[in-house]
Amino acid sequence: MTETTQRHPLKNKNFLTISVNGRHQYWTDDDPVKRPSVTGLTGFTDSDGFGAGKGYAIKQAELTGNPRAAIERDALAKSEGQYFHACVDNFIRHGVISEDPPFLCWWKAVGVNREWMASETLVYHDALKFGGTLDAISLEPADVNGERKMVLWDWKTVDPDSWRKYGSSLRWIKDHAQVSGYRKCLRDMGSVYEIDTAYICYVMRDGSHTVTEKVDLAYGEKIFDASATMYMLQKEAKQ
């Protein structure tokens with residue numbers, strides 16, 4: 001099973017060594033027990049995802065005559081999303097510009113002329129025992145007061161037909177909770193990355209356009225905390 005380990009810089013000049021495996025389980029040198037991910041803890045925030053997913057599956061089966069069409073299409077979408085994230089990470093770390101249409105769309109809208117500080121960075125919450133991998137952090141240009149703020153970014157590749165129909169309405173609660181979970185880790189672990197602003201960039205899989213939405217971190221953290229509590233209670237009930 002593939003494992004990744006990073007040393008996360010802290011404000012106290014120390015580092016927190018965090019690891020993750022292919023099952024999205026996180027641990028540190030001080031806490032070697034495999035812990036759940038931010039994404040795993042937000043499972044109780046889904047809106048009408050089941051109803052929309054059921055309709056989508058039926059539609060794909062009718063269009064293609066293949067009852068597994070939705071499953072196969074979702075697998076392809078997941079693979080494309082992983083490739084997109086890899087392209088963005090390669091650009092932020094090494095300046096490589098991919099010819100992949102979704103990447104080029106993202107690069108023109110968000111990536112170019114921005115100072116990037118971190119990409120695909122592991123975070124961990126020692127008190128609540130969960131971890132995650134945030135997509136990126138940028139250092140924005142100086143504001144009118146001459147201050148430069150760090151901004152947390154999250155990338156989501158989405159189907160353009162679904163976006164035209166729903167936008168982010170079926171997913172924004174979960175998405176905001178997820179990003180707020182990353183920020184909660186950064187704040188409480190004493191990371192050098194001090195965040196009070198975050199954005200989600202939705203990238204159409206056909207490379208047609210992007211939509212960037214600001215994250216309500218205060219509300220998102222409340223939703224994340226509620227979902228995490230439900231996750232822990234359910235886990236306790238199963239023991």
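Q: What makes Val 20 part of the pairing with S3, that is, which residue in S3 is its bridge partner?
A: The bridge partner of Val 20 in S3 is Tyr 26. Ser 19 has a partner in S3 too, and that one is Trp 27. Before going on: this is a predicted model, where local features need pLDDT of at least 70 and side-chain atom pairs count only at pLDDT 80 or more, while totals for chains, interfaces and linings use all residues. Residues are numbered from 1 along each chain as its sequence is written, and side-chain values use heavy atoms, with hydrogens and water left out.

Q: How do you know that S2 and S3 pair?
A: Two strands pair if DSSP finds at least two bridges between them. S2 and S3 (residues 26-28) have three bridges and run antiparallel, so they pass that test. Strands (E, at least two residues) and helices (H or I, at least four) are DSSP runs, numbered from the N terminus.

Q: What joins S1 to S2, and in which sense do they run?
A: Seven bridges join S1 (residues 3-9) to S2, and the two run antiparallel. Across this pair, His 8 stands opposite Leu 16 of S2.

Q: What sits between the strands of the two hairpins?
A: The S1-S2 hairpin has five residues between its strands, and Lys 13 in that turn has a positive phi of about 80°. The S2-S3 hairpin has four residues between its strands, with His 24 in the turn at a positive phi of about 60°.

Q: What makes S1 and S3 edge strands?
A: The three strands form an open antiparallel sheet in the order S1-S2-S3. S1 and S3 each pair on one side only. Neighbouring strands here are turned by 25° against each other on average, direction ignored; the axes behind that are lines fitted to C-alpha atoms.

Q: Why is S2 described as largely enclosed?
A: Buried means under 20% relative accessible area, exposed over 50%, and partly exposed in between (1.4 Å probe, protein chains only). Six of the seven residues of S2 (residues 15-21) are buried, so the rest of the structure largely encloses this strand.

Q: Why does His 24 count as exposed?
A: His 24 has 51% relative accessibility, so it counts as exposed. His 24 lies in the loop between S2 and S3, and its positive phi belongs to a residue other than glycine.

Q: Why is Lys 129 only partly exposed?
A: Its relative accessible area is 24%, so Lys 129 is partly exposed. You'll find Lys 129 in the loop between S4 and S5 (130-139). Like His 24, Lys 129 has a positive phi of about 60° without being a glycine.

Q: Why is Ser 37 called buried?
A: The relative accessible area of Ser 37 is 12%, so the label is buried. Ser 37 belongs to the loop between S3 and H1 (38-41). In sequence, Ser 37 and Tyr 182 are 145 residues apart, but in space they are 9.9 Å apart, C-alpha to C-alpha.

Q: How do you know that H6 has close to its expected span?
A: The expected span is 1.5 Å times one less than the number of residues. H6 (residues 172-188) has 17 residues and reaches 24 Å from its first C-alpha to its last, close to the 24 Å expected. Just after H6, Gly 190 takes a positive phi of about 75°.

Q: What makes H6 mostly covered?
A: Twelve of the 17 residues of H6 are buried. Among them are His 176, Val 179, Tyr 182 and Leu 186.

Q: What makes S4 and S8 edge strands?
A: Another open sheet has five strands in the order S4-S5-S6-S7-S8, with mixed pairing. S4 (115-125) and S8 (210-214) each pair on one side only. The twist averages 35° from one strand to the next.

Q: How many bridges join S7 to S8?
A: Five bridges join S7 (residues 195-204) to S8, and these two run antiparallel. Cys 201 stands opposite Thr 212 of S8.

Q: Why does Met 230 count as partly exposed?
A: Met 230 is at 42% relative accessibility, so it counts as partly exposed. Its place is in H7 (residues 217-238).

Q: Which residues form a nonpolar patch on the surface?
A: Phe 44, Met 230 and Leu 233 form it, with about 280 Å² of accessible area together. Patches take residues with over 30% relative accessible area and no salt bridge, joining like charges within 9 Å and nonpolar side chains (Val, Leu, Ile, Met, Phe, Trp, Tyr) within 5 Å. A salt bridge is a side-chain nitrogen of Lys or Arg within 4 Å of a carboxyl oxygen of Asp or Glu.

Terms used. Accessible areas come from the Shrake-Rupley method with a 1.4 Å probe; for residues, only the protein chains shown count as cover. Axes are lines fitted to C-alpha atoms, for helices over the stretch in contact, and angles run from 0 to 180 degrees between N-to-C directions.
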